[in-house]
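Please look through the sequence and the structure below before reading on. The briefing that follows takes up a group of aromatic residues, then the charges beside rings, and then the sheet.

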Amino acid sequence: QRQLVESGGGLVQPGGSLRLSCAASGSGISIYAMAWYRQAPGKQRDFVARITTGGSTDYADSVKGRFTISRDNAKNTAYLQMNSLKPEDTAVYYCNTISERNYSLGSWGQGTQVTVSS
């Protein structure tokens, strides 16, 4: 069974950068789109970014131009480079796989906390 482990979160000042990683074990990610989501306290989990098996990307409007999603299938890892961070980016960040056949999601990992504060 595939498991996802997110890492790379932390405390950063506004305007700073972080790079999140999502490592998969149990099975490869090459046949799946990969996506990042985030959940702020008291709010629902929201879509942040997605990358298809072919490398096409799309982003939530709130992060366009600041975040970049990428993937390394050989390492079974997806990444989220986050630049120009804002306090409103504070959330727990999760990654997941998306089937390009039926758009189903895989199992959620534990997430990684990102806190943007001075």
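**Aromatic rings and the sheet**

In this predicted model, one aromatic cluster is formed by Tyr-37, Phe-47, Tyr-94 and Trp-108.

**Aromatic pairs**

- The ring centres of Tyr-37 and Phe-47 are 6.1 Å apart and the ring planes stand at 75 degrees, so this pair is edge-to-face.
- Because Tyr-37 belongs to strand S4 (residues 32-39) and Phe-47 to strand S5, the pair ties together parts that are ten residues apart in sequence.
- Tyr-37 counts as buried, at 11% relative accessibility, whereas Phe-47 is partly exposed, with a relative accessible area of 26%.
- Tyr-94 and Trp-108 also form an edge-to-face pair, with 6.0 Å from centre to centre and 80 degrees between the planes.
- Tyr-94 is in strand S9 (residues 91-99) and Trp-108 in the loop between S9 and strand S10 (112-116), so this pair ties together parts that are 14 residues apart in sequence.
- Tyr-94 counts as buried at 11% relative accessibility, while Trp-108, at 37%, counts as partly exposed.

**Charges over rings**

- Arg-45 lies over the face of Tyr-94, at 3.8 Å from the ring centre.
- The charged end of Arg-19 sits over the ring of Tyr-79, 4.0 Å from the centre of that ring.

**The sheet**

- Six strands make an open sheet with mixed pairing, in the order S2-S10-S9-S4-S5-S6.
- Strands S2 (10-12) and S6 (57-59) stand at the edges, and each has a single partner strand, so one side of each is left without a neighbour in the sheet.
- From one strand to the next, the twist averages 30 degrees.
- Strands S5 (residues 45-51) and S6 run antiparallel and are joined by three bridges, and Ala-49 stands opposite Tyr-59 in S6.

Notes:
Residues numbered from 1 in each chain as written. Predicted model: local features only at pLDDT ≥ 70, side-chain atom pairs only at ≥ 80, totals over all residues. Heavy atoms only, no water. Pairing = 2+ DSSP bridges. Helix = DSSP H or I, 4+ residues; strand = E, 2+ residues; numbered from the N terminus. Axes fitted to C-alpha atoms, helices over the stretch in contact; angles between N-to-C directions. Phe/Tyr/Trp six-rings, centres within 6.5 Å; stacked < 30°, edge-to-face > 60°. Buried < 20%, exposed > 50% of the residue type's maximum accessible area, 1.4 Å probe, protein only. Lys NZ or Arg CZ within 6 Å of the ring centre and 35° of its normal.
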